[in-house]
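Please look over the sequence and structure shown here before reading on.

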Amino acid sequence: MAEAPSGHPVQGETLKYDPNHLVNDGEPISLEWWLWDGDTIFQKFVDEYTAIHKNVEIKIVKQPWEDYWTKLPLSLKDGDKPAIFNIHNSYHSNIFPYLEPYDIPVEELAADYTGAEAHVIDGKIYYVDFGMMTGVIYYNTDHWKEAGLTDADIPETWDELREVAKKLVKKNGDTIERAGFNFNSQFNAFSPGLPYQRGQNLFADDQRTPTVASDAMMELIELFTSFYDVDGVGSKDFGTSSGESFGQQQSSIIYSWTHHGGLMAADFPDVNYDTFRTPVHVSGETPYAFDRYNGESTLGINKAADEKTKAVAQDFLKFYLTSKEALKAVCLNYHVFPSYKPLAEDPEILDDPQLSSLADGIDRYIWPGAMPATIEENLKTMWEDVLYNGADPATAMGAAQEAIEKDLANSDFEAVENLYAHYQPSK
């Protein structure tokens with residue numbers, strides 16, 4: 001029998017991983033890890049684990065996104081490969097029948113991972129989030145200084161954002177040359193989440209009935225349209241994409257999810273920008289939730305794999321979930337705030353312009369669940385009807401509600417808002 005590794009530090013906080021033991025009795029074993037992106041960044045986990053457990057081979061297999069969700073369920077249905085695989089929660093229903101539950105106590109995961117409770121199914125967890133993506137406000141720091149604004153002017157409320165946007169907009173007569181605030185193309189990003197600030201859940205207490213047609217949604221429509229129609233700090237006709245406009249320095253402030261950092265790094269690396277947390281309605285008050293979030297998921301384990309393979313997969317999983325530096329690298333790569341609590345105050349995380357504004361109050365973001373596409377699609381249509389087709393907001397909102405209800409009636413979707421740590425039913 002091979003000699004167990006020794007002298008390696010135990011890693012982790014509540015959940016711990018002690019690498020000083022034999023895996024698979026020291027006998028050679030090979031696993032496949034399927035993913036659709038990030039093979040280089042995830043290789044770090046493999047290299048560090050196999051450097052300790054030299055009898056284990058983990059082969060990363062990269063499948064293009066457009067093929068992944070066809071090939072993976074078929075492969076899991078037909079056999080024992082891959083042993084481990086990356087998950088996107090929007091495909092939960094496709095792969096859940098093939099998932100092995102984590103062999104880790106729920107309370108240990110919940111202690112170390114923000115939002116882990118929302119992933120509990122019949123007392124077990126099959127994956128959690130390694131990082132959280134949500135909405136923030138991007139602002140051009142050069143425009144900010146040019147307008148005489150300082151850090152003291154970072155708005156806490158929407159009214160305060162309105163005032164700084166007025167200082168940032170540039171016009172030639174009635175023609176906008178630079179928008180102070182632009183939200184074009186972001187309709188389906190902010191609409192499902194910002195009503196939470198008013199205490200309005202996206203679903204009723206039964207976790208199935210959508211509540212799109214609400215006073216909070218109407219107030220959101222009135223707030224955002226007033227930026228264009230009343231304040232004139234932007235326009236529905238000022239480009240189709242606020243993100244591209246921001247990158248081209250034609251818009252000073254936009255709302256976007258943190259993945260926008262990838263576009264900025266790739267296409268607009270010379271633009272100086274920073275972010276601040278999404279404003280709220282009342283200064284000094286913590287809202288029910290600042291916004292919704294979606295998670296980038298940890299790996300899944302194939303329940304059809306043989307027992308030896310699953311045992312190694314579970315061991316690697318614990319290593320993965322407690323590998324602080326490797327997890328940090330993945331979060332920085334994908335511009336997601338770490339769900340792993342020991343990274344919440346890491347200097348490199350707080351230095352990232354996408355993530356710095358989320359460190360304070362990260363537990364006040366809510367995950368409604370892996371939402372069916374009908375919700376975002378119909379909210380996008382609602383906004384386009386209001387802005388571009390002149391539709392009455394109440395009528396457009398009602399149409400979105402009706403369409404979403406109809407689609408969800410044929411679905412087995414259930415939200416998980418009631419697992420939010422601060423959950424209260426909507427009034």
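The model is predicted: local features need pLDDT of at least 70 and side-chain atom pairs pLDDT 80 or more, while totals for chains, interfaces and linings use all residues. Residues are numbered from 1 along each chain as its sequence is written, and side-chain values use heavy atoms, without hydrogens and water.

Four strands make up an open sheet of mixed pairing, in the order β4-β3-β5-β14. Its edges are β4 (56-62) and β14 (300-301), each pairing on one side only; two strands pair if DSSP finds at least two bridges between them. Strand β5 (residues 84-85) is antiparallel to β14 and joined to β14 by two bridges, with Ile84 opposite Ile301.

Helix α1 (residues 39-52) and helix α12 (residues 324-334) have axes that come within 10 Å and cross at roughly 175 degrees. The two helices are therefore roughly antiparallel to each other, a term for angles over 145 degrees. In their contact (heavy atoms within 4.5 Å), the residues from α1 are Ile41, Phe42, Lys44 and Phe45.

Gln200 lies in the loop between α7 (187-190) and α8 (215-229). Because its relative accessibility is 13%, Gln200 counts as buried, the cut-off being under 20%. Its side chain makes these polar contacts (N or O atoms within 3.5 Å, one able to donate a hydrogen and the other to accept it):

| Side chain | Partner side chain | Distance |
|---|---|---|
| Gln200 | Thr211 | 3.1 Å |
| Gln200 | Ser426 | 3.4 Å |

How values were computed
Axes fitted to C-alpha atoms, helices over the stretch in contact; angles between N-to-C directions. Parallel < 35°, antiparallel > 145°, perpendicular 65-115°, else oblique. Buried < 20%, exposed > 50% of the residue type's maximum accessible area, 1.4 Å probe, protein only.
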